[in-house]
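Keep the viewer open and try each task before you read on.

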Amino acid sequence: MIRDEDIIEIREPTLSATERLYLPQILGGMKTTLLHMLRNLLGGEARTVEYPEQKRDLRVANYRGVHRLNRDEQGRVACVSCFMCATACPADCIHIEGAESPWEDREKYPVKFDIDELRCIYCGMCEEACPVDAIELTPHYDLVGRSRQEMILGKEELLSIFDETKAIKPRKNPRITGYLNTGDRDKPGGCDAGGCDSGGCDTGAPSA
Amino acid sequence: MAKIIIDNEAFECRDGISVLQAALDVGKQVPHYCYHPGLSVVASCRLCLMEMKMPHPKTREMGWAPKLMPSCQTPVRDGMEVRFNTEKVEDNQKNCMEFFLLNHPLDCPVCDQAGECHLQDYSFEHGRSESRMVDQKTKNPKKDIGPDTLLYSDRCVLCTRCVRFTEEITGTSELGLVNRGSRAEIDVFPGVPLDNPLQGNVVDLCPVGCLLDKNFLFKRRVWELEGADSICPGCATGCAIRVDHADEKVYRLKPRFNPGVNDWWMCDEGRFGYEYVHDAKRVTTPVVRRGKDPHTPVWHEVAEICRFRLTEHVREHGAASVVAVLSPFMSCEEAWLLARFVREVAPESALVMGPVPIEGEPQRFPTGVGEADAKFTILSEKCPNRRGIEMILEAAGGEVLSFETFVERAGAGDFSGAWIAGGYPKPWVEKNVGKLAAKFSLLVVQDLFENELTTAAAVVLPARAWVEREGCFVNAGGKVQPFNRAIRSAGGGWHDGQYLHAVAGFDGLYNVGRVRELMAATMPAFENVQSAPLKPAHAH
């Protein structure tokens with residue numbers, strides 16, 4: 001039920017005479033555009049690129065383009081099918097089917113991993129959520145397809161994007177795969193595969 | 001009623017319960033693993049320790065005892081004073097949690113319990129944020145202990161709830177605690193798998209992700225599931241259950257606390273007996289046959305077609321030629337609506353109690369006990385609502401037949417118009433029943449699957465599984481128990497209650513509460529129908 005005290009009345013502010021002209025506001029809004037125009041006219045540096053002949057320099061480390069699924073050292077999919085990315089995804093575009101993994105050191109792996117690249121809003125929350133750094137966003141942004149179905153990338157496609165992009169963006173932190181191998185992990189100094197400077201941690205799971 | 005003081009606050013509590021139970025009842029969050037109100041007390045997890053006032057041995061003066069006491073094992077006494085909010089108690093909880101997690105693999109991302117795990121919850125509330133363990137963790141094996149259950153012993157906290165369950169409730173004692181100290185683990189005896197009709201409960205009892213259900217393994221993360229309060233239709237016991245579903249699919253059934261009926265438990269037959277819900281062979285659309293060609297009417301026409309065909313039949317053959325079979329799988333509301341409609345159109349019609357499936361003998365647990373000592377009973381009557389239908393038939397009055405008499409008289413050609421409600425998950429149309437189809441000039445059949453009756457019927461209405469309907473069942477003890485709808489009907493469209501509501505001549509949306517109010521006018525048992533306690537506040 002809506003109570004009286006919860007109701008806030010909002011009225012439009014009355015406009016002054018200059019505001020009612022609208023011109024200052026329009027010019028204010030076009031300030032940046034006009035500045036760029038003047039700079040280009042006066043022979044300054046151009047702010048645009050001739051895409052697709054020219055391409056922008058991207059910050060590879062944190063540009064959020066098409067996803068990839070990383071492989072571990074043995075070439076297997078690094079994902080453990082924990083559904084954290086699907087849970088974190090605000091656009092609900094990740095669909096995973098988990099199963100018991102065929103490998104000794106791993107409990108679970110994805111048999112299906114689909115990302116609907118049209119639904120995705122490229123927010124990078126999946127990458128944040130992943131406890132094993134298996135899903136990452138790449139600097140690829142020119143993704144095209146002829147149908148909606150084509151834009152739903154499956155596991156193999158996402159893995160092949162990793163193969164294509166690992167040269168320009170190596171896997172961030174490959175320490176965690178094989179974390180069920182308690183055997184080598186507990187060496188003094190911490191993790192088995194290295195690459196992690198905070199020794200003694202176990203997994204991305206809530207630790208205790 | 002004993003009066004006790006918990007954390008400087010006075011509470012009244014039931015006599016004969018433990019302090020832990022009293023604290024949980026009044027809403028205190030006291031961590032505990034080994035305590036379960038349905039099982040004996042072992043006080044082994046040491047998480048629920050409290051401070052208690054005791055008389056000084058010499059001066060007899062009341063003061064806080066120097067040592068902590070297990071609150072699960074201390075019965076309440078009038079005037080006793082305990083506290084949980086001190087540094088000492090909290091230190092104990094923190095230290096206990098650290099020890100519980102010493103050898104824990106911390107594989108929450110791949111653990112099915114994550115999200116409903118009390119190791120996660122208590123670790124978050126009472127634990128430390130990092131492990132001080134420097135030695136190698138003991139890695140205990142993953143064991144396949146039975147046809148439906150896996151045991152990941154590295155996640156175990158050794159609360160022994162599962163061991164006590166198999167000892168005290170099922171009486172089968174398959175599980176045991178082997179070895180001692182840091183090598184202790186839960187295991188089955190060689191050659192004796194965990195395979196009793198109640199074994200699924202050990203998975204619910206397990207406060208951590210140690211015991212897992214193979215049927216649910218890796219299918220879904222628990223936070224994606226939505227629960228609907230329901231009643232198990234597997235037998236006449238009528239266990240209160242929660243139907244966990246996501247994306248219009250049922251993933252698992254869990255028991256709800258329902259004192260006096262199923263307490264905290266349910267049987268495996270009910271737990272895994274929902275597969276037919278997602279059977280692709282189910283009847284999902286209504287079919288009308290006039291002459292040879294069957295066609296599928298839109299749902300809004302269905303009520304009118306049924307009404308028209310039956311009225312027409314009564315005009316031609318008389319009201320006494322009409323019979324309606326009410327299935328014990330129907331909810332009380334649906335049966336009432338159908339009986340009301342049939343009696344309205346054909347006042348002299350006969351009503352029939354559908355066949356009641358009986359399988360074997362009732363199974364009582366612990367094994368070998370009599371009816372009086374049974375802690376859980378699986379009844380041989382494999383339908384949820386025989387008593388409800390009997391109540392409806394009694395209130396409806398008029399001619400009421402048993403199914404055998406109906407088969408006999410229909411075989412003799414006494415009836416020419418019939419409305420037969422099925423909805424049995426298992427094939428139920430036997431040869432002598434199937435043959436009756438030819439005897440009726442008008443046959444309306446509601447059923448889940450195709451059979452001899454549906455292929456011959458003039459109107460086929462899809463019966464829905466209980467998770468797609470709502471209403472109430474009356475269990476073997478005469479308790480009226482409501483159940484809610486969990487998922488939408490297979491193939492879309494209306495469920496039984498909706499179309500029977502329209503067939504019975506009611507306008508607007510189907511509202512079980514309103515139908516129940518109308519029923520209560522003649523049957524007071526349907527007044528104020530209450531669901532079992534939402535959750536056992538004291539048992540996780």
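**Exercise 1.** Which residues in helix 8 of chain B meet which residues in helix 9 of chain B?

*Solution.* Before we start, note that this is a predicted model, in which local features need pLDDT of at least 70, side-chain atom pairs count only at pLDDT 80 or more, and totals for chains, interfaces and linings use all residues. Residues are numbered from 1 along each chain as its sequence is written, while chains are lettered from A and ligands numbered from 1 in the order in which they are written.

Step 1: find the contacts, that is, residue pairs whose C-beta atoms, placed from the backbone, lie within 7 Å. From helix 8 of chain B come Cys332(B), Ala335(B), Trp336(B), Ala339(B) and Arg343(B), and they meet Gly388(B), Ile389(B), Ile392(B) and Ala396(B) of helix 9 of chain B. Helices here are DSSP runs (H or I, at least four residues), as are strands (E, at least two), numbered from the N terminus.

Step 2: sort them by class. This contact of helix 8 with helix 9 of chain B holds 7 nonpolar, 1 polar and 1 charged residues. Ala, Val, Leu, Ile, Met, Phe, Trp, Tyr, Cys and Pro count as nonpolar, Asp, Glu, Lys and Arg as charged, and the others, Gly among them, as polar.

**Exercise 2.** Describe how helix 8 of chain B packs against helix 13 of chain B.

*Solution.* Step 1: take the axes. Those of helix 8 (residues 332-345) and helix 13 (residues 496-503) of chain B come within 9 Å and cross at roughly 25 degrees. Axes are lines fitted to C-alpha atoms, for helices over the stretch in contact, and angles run from 0 to 180 degrees between N-to-C directions.

Step 1: name the arrangement. Helix 8 and helix 13 of chain B are therefore roughly parallel to each other (angles under 35 degrees count as roughly parallel, over 145 as roughly antiparallel, 65 to 115 as roughly perpendicular and the rest as oblique).

Step 2: list the partners. Glu333(B), Glu334(B), Leu337(B), Leu338(B) and Phe341(B) in helix 8 of chain B meet Asp496(B), Gly497(B), Leu500(B), His501(B) and Val503(B) in helix 13 of chain B. By class, this contact divides into 5 nonpolar, 2 polar and 3 charged residues.

**Exercise 3.** Is Leu106(B) buried or exposed?

*Solution.* Step 1: locate Leu106(B) in the loop between helix 2 (87-100) and helix 3 (118-126) of chain B. Step 2: look at its backbone, where phi is positive at about 55 degrees although Leu106(B) is not a glycine. Step 3: count neighbours. Leu106(B) has 22 other C-beta atoms within 10 Å, so it is buried (20 or more is buried, 12 or fewer exposed, in between partly exposed, with C-beta atoms placed from the backbone).

Now compare Asp263(B), in the loop between strand 14 and helix 6 (268-271) of chain B. Its phi is also positive, near 50 degrees, in a residue other than glycine. With 19 other C-beta atoms within 10 Å, Asp263(B) is partly exposed.

**Exercise 4.** Where are cis peptide bonds found in the two chains?

*Solution.* Step 1: in chain A, the bond from Tyr51(A) to Pro52(A) is cis, with omega near 5 degrees. Pro52(A) sits in the loop between helix 3 (31-41) and strand 1 (67-69) of chain A. Step 2: in chain B, the bond from Phe365(B) to Pro366(B) is cis, with omega near 0 degrees. Pro366(B) lies in the loop between strand 19 (363-365) and strand 20 (376-378) of chain B.

Key:
Two residues are in contact if their C-beta atoms, placed from the backbone, lie within 7 Å.
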